[in-house]
Amino acid sequence: MAARERPLLERLRPARARADPEIVILLYTPLLAIIFAFIAPLLTVVLEASRMDFRELATSYYINPSLDAFSNFISINRLPGTIRIDVNGFDMGVIGNTLVNSAIVTAAAATIGASIAVLIGLYRFPGRRLLAVLAYVPLLIAPFVNAYVMERYFGKSFTFNTLSYMISMITRPLFGENVVIEFSGQAGVALAQTLMFYPIVYINALAALGTVDATLVEQAINLGARGWRLIRSIILPLIMPGVLAGSVLVFILSLEDVGAPIVFRFHKMMSYQIYQYFQSVGSEASRPLVAALSLLMLLFAAIPLAAIRRYLSLRYYARLARGAPRPFRGLRLGPRGLLLAYLVALPIVLTAAAPQIGVVVLAFSRKWIGPLPDLLPPGRLFDNFATLAGMAGVVRSIYNSVTYMLEAIVFIALLGFMAGYATARARLPGAALLDLLSSLPLAVPGLVVAFSYYVFFATYFHGTFLDPVLFPGHVLVLAYIMRKLPFTVRSVFTAVIQTPEELEDAARSLGARRAMTIRRIVLPLVWRGLLAGLLLSAIYVLSEVSVSITLGGLKGSIVSREHAGPITFAILQLTTQATIVAGGTQPQAKAAALAVVLMALEAGVILAASRLTRRGQALVTI
């Protein structure tokens, strides 16, 4: 009797409770891929770091908490006809600089990003749309060139920087003196990173604000909450998931950023120390030290992520994308609010957007050495673009980027859909682990990934097609897949959990296997989320910096026709190597032209992805 009842009970059991072969494949294939191509290389960092005597990192070169670290924070010198203000920041050692700088950048970016999000998302006022557009501009990544432009704006210069030039135009007629303000060292790095990364907090906070139910705000207003009290007691607690998600990403990006330290020539940062290792690959003596720094960087990134996941998990935040029952239409901004919007928020947003605008201007310039760029004549505006087309090394970098992106996106599509679907639907051991590991690459700095890949594959796959010294392109593609996979996984996961599971259960109860259910029901419903994730993954592959300039630089410079570097590697070479001269214009101008091409691609992809994603879903989160 029991034997006869078992098939009937098995048929009556909910479809999702059965471990069919398809769901097993969907779950464990991406899990094993991530363990092999991401976790195993990271373990080699731990093994290499175990050879290091960590007491060496306690020296003042690495950690300097004394007051002497701030002795040159700001210096003011009075010269004939000039007041010179140098903002240098601090020097707390390689590790101290990295941690404290990242904390400062995160706090500043969170404050600016959340404030701008509340202003744009909660209030209605003239100029709001323009402010919203400008707030998105820093998302158009122009690696290295935007930091170079920031140095022209704010940094040290033999002539006036742009900021000093504009201030002196006012002070010279009034007081008969020039005022020179120059940012350098840690202060320059912090300023550049804050302006580059605050939009990440902004878009996450704005996405969270888009899910706030109008009823909550209206009830608070009816009970007398206005202005700051309304924001403090109602709005901020509701958008805190978005603020925290963006803040963690800003902290991680600040840790790994190497562009600002290179351009502002502040080399006592962990990111630059790791990057420098790839400039002299083969130095076995320095490998344990770099491994130790990579391990510390990994821990510094993982600790805040682990803390925030107790408050904000991937699954919980993705559900914010379901949206509010009734979206809030906005409040009218009062006179004091308008003053803050126009006199505080607008200048900040314009300053943050100025580097991208400057990159575009530099692309059509002969050079930019003084306070203002030297534009090309009207008939030669596109000389820099034409020169790039004739540089074999640059053309090769574009070809490499497109090839790597196409190869990576195929695997990202397969693994991303499998991981996103299995995380949402599987009720098997390992589902929670896949949920964690599929978002983990966002928390691991790219320089740590680059170093771990170099050590792991050069050691255990020496002489094979995965040897980074022989075939850096293959390892680059693998790194791109792992690093950019979370964007597709998160997008697919969000789309799947918004799709009623009962539709799949009904199809399977009628005899359809899971493969047919996915093909006939799931994919037609989630294709927008999958495509949006793939678009984001693709553009972040093209604009990837840390892995590209390290692993991509293992096979020569862009002078070589056969180098393996992608677009961002070529931009770095053009920005920092003044020996590359062609076409009679500054190398940085040609780098800006190449960055403009990249920015145009980014703008198109971000616009398409934002239209495909649903209301309240941020484009970048954890």
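This tour visits a few of the salt bridges in a predicted model.

Opposite charges are the theme: side chains of opposite charge can pair when their charged atoms come close. The structure as a whole holds 21 salt bridges.

**First selection: aspartate 86 and lysine 156.** Begin with aspartate 86, located in strand E2 (residues 82-87). Its partner in a salt bridge is lysine 156, and the closest N and O atoms of the two are 3.3 Å apart. Lysine 156 lies in the loop between helix H5 (145-154) and helix H6 (162-175), so the pair, 70 residues apart, links distant parts of the chain. Aspartate 86 counts as buried because its relative accessibility is 7%, under the 20% limit. Lysine 156, at 34% relative accessibility, counts as partly exposed.

With a relative accessible area of 1%, glutamate 182 is buried.

Arg84, Asp86, Lys156 and Glu182 are linked in a network of salt bridges.

Which residue meets the side chain of glutamate 151 in a salt bridge? The partner is arginine 152, at 3.6 Å from N to O. Glutamate 151 counts as buried at 5% relative accessibility, and arginine 152 is likewise buried, with a relative accessible area of 9%.

Key:
Residues are numbered from 1 along each chain as its sequence is written. This is a predicted model: local features need pLDDT of at least 70, side-chain atom pairs count only at pLDDT 80 or more; totals for chains, interfaces and linings use all residues. Side-chain values use heavy atoms; hydrogens and water are left out. A salt bridge is a side-chain nitrogen of Lys or Arg within 4 Å of a carboxyl oxygen of Asp or Glu. Helices (H or I, at least four residues) and strands (E, at least two) are DSSP runs, numbered from the N terminus. Buried means under 20% relative accessible area, exposed over 50%, partly exposed in between (1.4 Å probe, protein chains only).
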